[in-house]
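Hi,

Have a look when you get a minute.

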Amino acid sequence: MQYIIRKIWDVPQRLITDESVYRHRRWHRREFLRAMGLGGVGLALVGTVGCAKAPTAAELDAAGAVNLPPPATGSVYPAPRNPKFDYGRDETDRLAAAEFTNFYEFTGPTTKAAYKYVGDFQPSPWSVVVDGLCDTPTTFDFDDLFQQFSFEERAYRHRCVETWAMCVPWTGFPLADLIAKVGPKAAATHVQFQTFNRPEEARYMGIDTTYPWPYTEGVTLAEATNELAFLATGIYGEPLPKQHGSPIRLVLPWKYGFKSIKSIVRITLTDQQPATFWNTIAPREYDFPAIVNPDVPHPRWSQKTEWMLGTKERFPTVMYNGYGEFVGRLYG
């Protein structure tokens with residue numbers, strides 16, 4: 001099977017709007033639900049939002065790429081930033097990050113503008129099942145997470161296997177805290193993640209049914225309980241917009257971005273390496289560990305350098321994406 005991956009030179013020149021223009025308002029629940037009734041607005045925008053310039057904040061709002069409401073238990077946004085983590089670079093403009101996202105369920109291989117297609121997606125209500133080899137399998141309602149875990153903001157670098165990169169502040173809590181809550185059994189060695197399966201809401205799932213939907217990912221238990229592994233519910237001090245993986249996603253900053261699965265509905269502890277979406281489709285191009293390594297090229301391009309969303313500034317790629325002090329011991 002052949003896959004079309006957008007190359008660096010295919011990226012159109014965009015006029016990046018100043019961050020002050022990008023103002024996502026915090027919606028109350030009834031306003032959010034009313035907006036969900038707009039349904040196909042995202043598809044309607046496909047013919048109206050041009051590819052030659054960046055979308056405005058208003059266009060992102062109209063497309064349904066809006067933030068979720070704060071949790072019923074009270075807002076955690078903005079959460080206190082953990083000073084242990086720092087980009088070492090300039091933070092990516094939030095509008096640049098919002099307009100250029102990989103979300104295969106909505107876009108397939110042809111575009112990064114997921115915001116155009118997420119209008120029908122309904123990330124509320126939401127729950128996350130944690131099961132498998134654990135002492136207390138639990139289904140967490142989304143609001144339960146805000147009651148049971150301590151939230152913080154982390155400034156993380158993000159590196160895509162396609163060589164683009166960004167620096168964004170995620171809000172969430174350590175994955176290790178959730179795993180500790182359910183009590184992993186001694187036999188557990190890996191953790192599998194699964195996202196939603198709703199082709200009626202995610203257009204590309206219905207367009208190409210040959211893919212192994214729903215999207216799945218996996219890591220070793222040691223990686224999952226490393227302090228870097230993070231479950232994010234927010235970005236830039238506000239709840240996640242849809243195209244960023246609302247309402248909850250995984251963030252693994254030392255691995256290529258396809259490992260950081262979006263819109264999680266199930267987390268399963270298991271005693272074997274789980275099958276994952278891209279490793280199943282193209283194992284030669286997408287290995288299971290997916291560790292950022294400048295010395296291991298992708299079969300179709302070098303991984304020696306990366307370019308930043310918004311500025312297009314290019315940097316040398318660093319082993320483990322610069323997080324070797326946290327994760328290097330995991331790999332000997």
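By a nonpolar core I mean a set of buried Ala, Val, Leu, Ile, Met, Phe, Trp, Tyr and Cys residues joined through side-chain atoms within 4.5 Å, where buried is under 20% relative accessible area with a 1.4 Å probe, protein chains only. Please note that this is a predicted model, so local features need pLDDT of at least 70 and side-chain atom pairs 80 or more, while totals for chains, interfaces and linings use all residues. Residues are numbered from 1 along each chain, and side-chain values use heavy atoms, without hydrogens and water.

The largest core has 80 residues, and Trp170, Val191, Phe193 and Ile264 make the most contacts inside it. Its largest share, five residues, comes from strand β4 (164-174); strands are DSSP E runs of at least two residues. Apart from this core lies another, of six residues, including Cys167 and Phe315.

A cavity is a set of points on a 1 Å grid over the protein atoms alone where a 1.4 Å probe fits but cannot get out, and lining residues have an atom within 4 Å of a point. The largest cavity has a volume of about 420 Å³, counted as the space filled by probe spheres set on the points. It is lined by 31 residues, with Asn102, Phe103, Tyr215, Phe258 and Lys262 closest to its centre.

Cheers

Terms used. Buried means under 20% relative accessible area, exposed over 50%, partly exposed in between (1.4 Å probe, protein chains only). Helices (H or I, at least four residues) and strands (E, at least two) are DSSP runs, numbered from the N terminus. On a 1 Å grid over the protein atoms alone, a cavity is a set of points where a 1.4 Å probe fits but cannot get out, and a pocket is an open set with protein on both sides within 12 Å along at least five of seven lines; lining residues have an atom within 4 Å of a point.
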